[in-house]
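Subject: Structure handover and findings

Hello,

Here is the structure we talked about. My notes follow below it.

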Amino acid sequence: MKKLIIITILLGASLVTFQACKKDSRIKVEKNHRKQTGSSANDLLSNDQYKSLVVEIQYMTGFRPTDEAMTRLTNFLQERLNKSNGISLSFTEIGAQGKSSYSFDDIKKIEENNRSEFTAKKQIAAYFLFLDGEFSGNSGSSKVLGAAYYNTSMVIFQKTIINNSGGLSQPSRDKLETTVINHEFGHILGLVNLGTSMQSFHQDTENGAHCDNEDCLMNWIVETDGVIGSLFGSPIPSLDQNCIKDLQANGGK
Ligand SMILES: [Zn+2]
Ligand SMILES: [Zn+2]
């Protein structure tokens, strides 16, 4: 009986410590991880302030991205970012919520409750959330596949990706994932004209922070299910010269 009480008390004590730690880190990070998309572009691209990058991949149970897409994301980042101490991915699983759709408020709340990697000292952190549902703002037949919503935060509507890949006349799942994941990362790198200035004018202003080249990774269509038809039977889009030049001028490779 005595033993049991001690264990209970200890458990209680460690819970309190854990919560306190969590609170402390939250207070610290609120200052730097809820800024405008594109505002950390130079910190992500250059080696000046941050020598390494960790990308936290947080996925709901059953919605983990493919290993192929993760390898391609790492390659894409290594090709464009100056990080002398390397780029790494960290994977964490969270419980699926079973909601059919999520608003940006829902998404931000999930991040606040679950994100575990934050920018500290010489390492910058980025965050991807893979959801078990669709975007609540989808209208009609057009569906959003992903979004960047803070300076280092991105969401992937993984259920929509899974439903629209791997089938007949659909791109393979890893191909669609790679395209959307790399596109969203392009936004937090400041593309197009979103914290990384254009070296020559190539913004599709009608469609926001996107590239006017329809073959470029940063074309607006990539973020929507309109990309599905064009991806089938063609290679994964890459950044065009205009986008690459912008990144290079802002500390990238
Ligand atoms: Zn976009
Ligand atoms: Zn471009």
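To start with one residue, L89 touches V55, M70, L73 and T74, leaving out residues up to four places away in sequence (contact means heavy atoms within 4.5 Å). L89 sits in strand 2 (residues 87–94); helices here are DSSP runs of H or I with at least four residues, strands are runs of E with at least two, and both are numbered from the N terminus. With a relative accessible area of 23%, L89 is partly exposed (buried is under 20% relative accessible area, exposed is over 50%, partly exposed is in between, using a 1.4 Å probe and protein chains only). L89 and A125 are 36 residues apart in sequence, and their C-alpha atoms are 9.7 Å apart in space.

This is a predicted model, in which local features need pLDDT of at least 70 and side-chain atom pairs count only at pLDDT 80 or more, while totals for chains, interfaces and linings use all residues. Residues are numbered from 1 along each chain as its sequence is written, chains are lettered from A and ligands numbered from 1 in the order in which they are written, and side-chain values use heavy atoms, with hydrogens and water left out.

Overall

The chain has eight helices and seven strands. Of its 253 residues, 47% are buried. Among contacts with a separation of 6 or more, 76% are between residues 24 or more positions apart. The accessible surface comes to about 12,200 Å², and carbon and sulfur atoms hold 52% of that (areas come from the Shrake-Rupley method with a 1.4 Å probe; for residues, only the protein chains shown count as cover).

H183 in helix 6 (residues 173–188) and H210 in the loop between helix 6 and helix 7 (227–231) are 27 residues apart, and the pair links distant parts of the chain. H183 and H210 are both buried.

M218 lies in the loop between helix 6 and helix 7 and is buried, with a relative accessible area of 0%.

The largest nonpolar core has 44 residues, of which L53, L77, F128, F185, M218 and L239 touch the most other members (a core is a set of buried Ala, Val, Leu, Ile, Met, Phe, Trp, Tyr and Cys residues joined through side-chain atoms within 4.5 Å). Elements giving two or more residues to this core include helix 2 (41–45), strand 1 (52–60), helix 3 (67–80) and strand 4 (123–130). F185 is in contact with L53, V55, L73, F76, L77, A126, F128 and M154, leaving aside its neighbours within four places in sequence. Another core, of 15 residues, lies apart from the largest one, and L131, A147, Y150 and F157 are among its members.

Aromatic rings

There are six aromatic pairs (rings of Phe, Tyr and Trp, the last by its six-membered ring, pair if their centres lie within 6.5 Å; planes under 30 degrees apart count as stacked, over 60 as edge-to-face and the rest as tilted). F104 and Y149 form a tilted pair, 6.3 Å centre to centre with 40° between the planes. F104 belongs to helix 4 (residues 104–114) and Y149 to the loop between strand 6 (146–148) and strand 7 (153–156), so the pair ties together parts 45 residues apart in sequence. The rings of Y149 and Y150 also make a tilted pair, with centres 5.3 Å apart and planes at 50°. Y149 and Y150 are both buried, whereas F104 is partly exposed at 31% relative accessibility. Ring pairs join F104, F135, Y149, Y150 and F157 into a cluster.

Separately, the charged end of R64 sits over the ring of F91, 4.3 Å from its centre (the test is NZ of Lys or CZ of Arg within 6 Å of the ring centre and within 35 degrees of the ring normal).

Backbone

Most residues other than glycine have a negative phi, and most peptide bonds are trans. The peptide bond from L191 to V192 is cis, with omega near -10°. N193, in the loop between helix 6 and helix 7, has a positive phi of about 60°. K121 has a positive phi of about 50° and is exposed, at 81% relative accessibility.

Regards
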